[in-house]
Amino acid sequence: MEQYLSYAQRVSKKEYAAEPLILGIESSCDETCAAVIRGRELLSNAVLSSAAEQAKYGGVVPELASRAHTDAVGKAVFEALAQAGVRGEQLSAVAVTYGAGLLGALLVGLSFAKAYAFALGLPLIAVDHIRGHMAAAYLADTALEPPFITLLASGGHTAVLYTKSYTDFEILGSTRDDAAGEAFDKVARILGLPYPGGPSVEKLACEGKAQIPLPRMFAGNGYDFSYSGLKTAVLNYCHNKEQRGESYSRADVAASFQSAACGVLAERAVAAAKAKGCDTVAAGGGVIANGYLRELLAKECAREGLRLVLPEKKFCTDNAAMIAAEGLVQYRAGNFAPLTLNACAHIPLGKKGKQ
Ligand code: KG4
Ligand code: ZN
């Protein structure tokens, strides 16, 4: 995979020293995260996860997530500052996820961020979680500049976007029903695999062959996706086999599903880049951590002469580095939030949430 120059290696010492120092805080689901960046250079990244606790219940229990965030948010922030060797007073701004996500969970990170910013007299920046997933690419390749195509595949969204500038993008296509990550999670449940579903399906798929014919769900002629039919096809396949008392390979089901689910993502991203005349595809969101998808994207992009920017796997799933990265975009655009900022459970893609 391509190795990128770090930000500090790319810009002059003077420029680097003048870059804003941003603290990112993320608590929208089951991971309490804090990170510090200087410009597009990541200085630290702390993640305290309650996923193991949640796994006992087969999914995220919102109240447990909120309690875990309450215990962890201070630890995560002070760990991130210590790792970065930065004191709070040196920061330029505090960027925090205000939505979308679990309301109680969001409120923990948001309350901490507001109090911390107020105490130190720092500006507060409201970050949309999904814009954070898209901004992870800016840290992965610090030379990445719009325009480019963004493939977004997460638990709540699946879309192909034309990123025109750091603050302006056009949604070329999105899912008409389930998101790709949601489909992975539902298929994991059908196959009796543990939470979190995506990594469990990927692990099992490694032992199987993608030989079960499953529909590849393209919705319409544009760049839209549809995942509910694929999920239902998996469910019907397993039920039919069980009702007839026939044995089947769960690993083959996982591999066949993964191949169909990822195939459309890679195909649509490459087609969009060609149609828009872009030479770069960037990707973000939890599903982009999938090894099979990463290899497929690398292969398809290489075949078409496209540059691919993939954040490391740990920056595809939830983290605060991506929140700080989108915070930097908003900082440069002069978009600051008042201390009355509220959490917002739902934010439609491309819209501003109620603040
Ligand atoms: O991007 P994310 O944090 O979700 C939202 O912000 O909405 O990612 C979570 C999603 C889950 O649906 C999870 O199953 C999926 O990403 N995911 C994966 C993998 N790791 C996480 N899906 C497929 N393969 C993986 N390795
Ligand atoms: Zn996320």
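**Figure 1. The whole chain, helices and strands.** Helices here are DSSP runs of H or I with at least four residues, and strands are runs of E with at least two. Counted that way, this predicted model has 12 helices and 12 strands in its protein chain. The radius of gyration of the protein chain is 20 Å, close to the 20 Å from the globule rule for 355 residues, so the chain is as compact as a globular protein of that length.

Figure 2. Of the 355 residues in the protein chain, 56% count as buried. Take the contacts between residues at least 6 apart in sequence: 73% of them join residues at least 24 apart. As for charge, the chain carries 35 positive and 35 negative side chains, with the centres of the two sets 2 Å apart.

**Figure 3. Close-up of the zinc ion (ligand 2).** Three residues coordinate the zinc ion: H129 and H133, each through NE2, plus D318 through OD, at 2.0 to 2.1 Å. Read along the chain, these donors follow the spacing H-x3-H-x184-D.

Figure 4. H129 belongs to helix α6 (residues 129-140), while D318 sits in the loop between β12 (307-309) and α12 (321-333). The two are 189 residues apart, so to speak a link between distant parts of the chain. Are H129 and D318 buried or exposed? Both H129 and D318 are buried.

Technical notes: Residues are numbered from 1 along each chain as its sequence is written. Chains are lettered from A and ligands numbered from 1 in the order in which they are written. This is a predicted model: local features need pLDDT of at least 70, side-chain atom pairs count only at pLDDT 80 or more; totals for chains, interfaces and linings use all residues. Side-chain values use heavy atoms; hydrogens and water are left out. The radius of gyration is taken over C-alpha atoms; the globule rule is 2.2 Å times the number of residues to the power 0.38. Buried means under 20% relative accessible area, exposed over 50%, partly exposed in between (1.4 Å probe, protein chains only). Contact means heavy atoms within 4.5 Å. Lys and Arg count as positive and Asp and Glu as negative; His and the chain ends are not counted. The place of a charge is taken as NZ of Lys, CZ of Arg, CG of Asp or CD of Glu. Donors are N, O and S atoms within 2.8 Å of the metal (3.2 Å for Na, K and Ca); water is not among the atoms, so sites may look incomplete.
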